[in-house]
Amino acid sequence: MNRSIPFLELAPMHADLADELKAKFAKLLEKGLFSGGEEVEALEVTMQEFLGISHVIPCANGTDALELALRALEIGPGDEVIVPALTWVSTAEVVKMVGAEVVFCDVDTDGLIDIKQMENLISPSTKAVIPVHLYGKMVEMNQLLRITRSMGIKVIEDAAQAFGAFQQGKSAGALGEIGCFSFYPTKNLGALGEAGLLSTQDPLLEERLRLLLNHGQAQRDRHEIIGRNSRIDTLQAAFLNVKFSCFKAWQQKRKALAKLYLDHLQHLKGVVVPSSILQSAHNAHLFTIQTDERDALKAYLGEKGIGTAVHYPLPVPVMQAFGGEKDFPVASKLSISTLSLPLHPYLREDEVRRVCEEIQLFFSARLG
Ligand SMILES: Cc1ncc(COP(=O)(O)O)c(C=O)c1O
């Protein structure tokens, strides 16, 4: 009997680091330090260096990062924000949360915002665009920025899935006005809880973001603007500092496993493999294939003990909260044909081979 292969297992990822993580917790418990402090400062320095972005601001999670970015750019009622139709709901939800209008844009066959269509959706009310580096693959930022810059439209990069992706040497989150990252536990760099990060090259935006996420106060009890609490937990910052020491090795492992998948699947009839996943502008967050047999393949792999996931089963505009708008043919097609295969640093090569063999068997039975 073959051992099952879950889509993602978080426990083994932390087994090697358990002693260090526990030691961090013990130290903070002993000190009684749970908000701010040197772990948060150390995380800022590490992130600034790694991302090559002059200002980084840790925060509570990626959704807050996006909402704070909109608020820092003073986007609100009467403004329109263009968002891709295929993404995690946060990207669109935050636009509604600040009282602005979401204008959905269809995606290309990789699931990234269709830049030509985006250009056609720009109106006098368009204040910002939120390109999403979906599955870890960066949107072609030069092309997008040529349009937005010429029209004075702000760009907030949703880099929640793209930590570790670099386009022509520039990190995801370094190219728009503001970058937003998530350290949700399943991300390539995940906290042991919720955490996020904002990035900007603009010192005035940095100042505003820091005020917004700390009750509008630069100094205790001096509230300069209306803000809220979206500070990162000290404990999560400390865990991220520990986990970052493995990040580069984990990325290499992801890329090696992605290559193995490609070697086995790229010529298989009936399957489209992810494009450019081995390039630096993709962080190999997810290995997504496209097939017309998606649901049958998912069920077959499930019977064989192989876990898969669907990112995402519905385009966001189709959902009830967004009014059920349906006119997004590419996003709709991807939502019924995309399947994410297991890909994480603790997956073994023989497990990837087994997933591929099962996929090959499935298609040889179907297609003859
Ligand atoms: C594309 C995208 N945007 C935003 C988010 C929100 O991040 P978080 O879960 O940290 O709030 C996520 C992560 O789940 C995401 O994948």
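Trainee: Into which domains is the protein chain divided?

Mentor: This is a predicted model, in which local features need pLDDT of at least 70, side-chain atom pairs count only at pLDDT 80 or more, and totals for chains, interfaces and linings use all residues. Residues are numbered from 1 along each chain as its sequence is written, and side-chain values use heavy atoms, with hydrogens and water left out. With bounds from an automatic or database domain assignment, the protein chain is divided into domain 1 (11-244) and domain 2 (246-367).

Trainee: What is the area buried between domain 1 and domain 2?

Mentor: The C-alpha centres of domain 1 and domain 2 lie 25 Å apart, and the contact (heavy atoms within 4.5 Å) takes 40 residues from domain 1 and 33 residues from domain 2. Buried area is the accessible area (1.4 Å probe) that two parts lose on being put together, summed over both. Carbon and sulfur atoms give 62% of the area buried between these domains, which is about 3100 Å².

Trainee: Is Gly-173 buried or exposed?

Mentor: Gly-173 is found in the loop between strand S7 (170-171) and strand S8 (178-182), strands being DSSP runs (E, at least two residues) numbered from the N terminus. Buried means under 20% relative accessible area, exposed over 50%, and partly exposed in between (1.4 Å probe, protein chains only). Because its relative accessibility is 2%, Gly-173 counts as buried.

How values were computed:
Helices (H or I, at least four residues) and strands (E, at least two) are DSSP runs, numbered from the N terminus.
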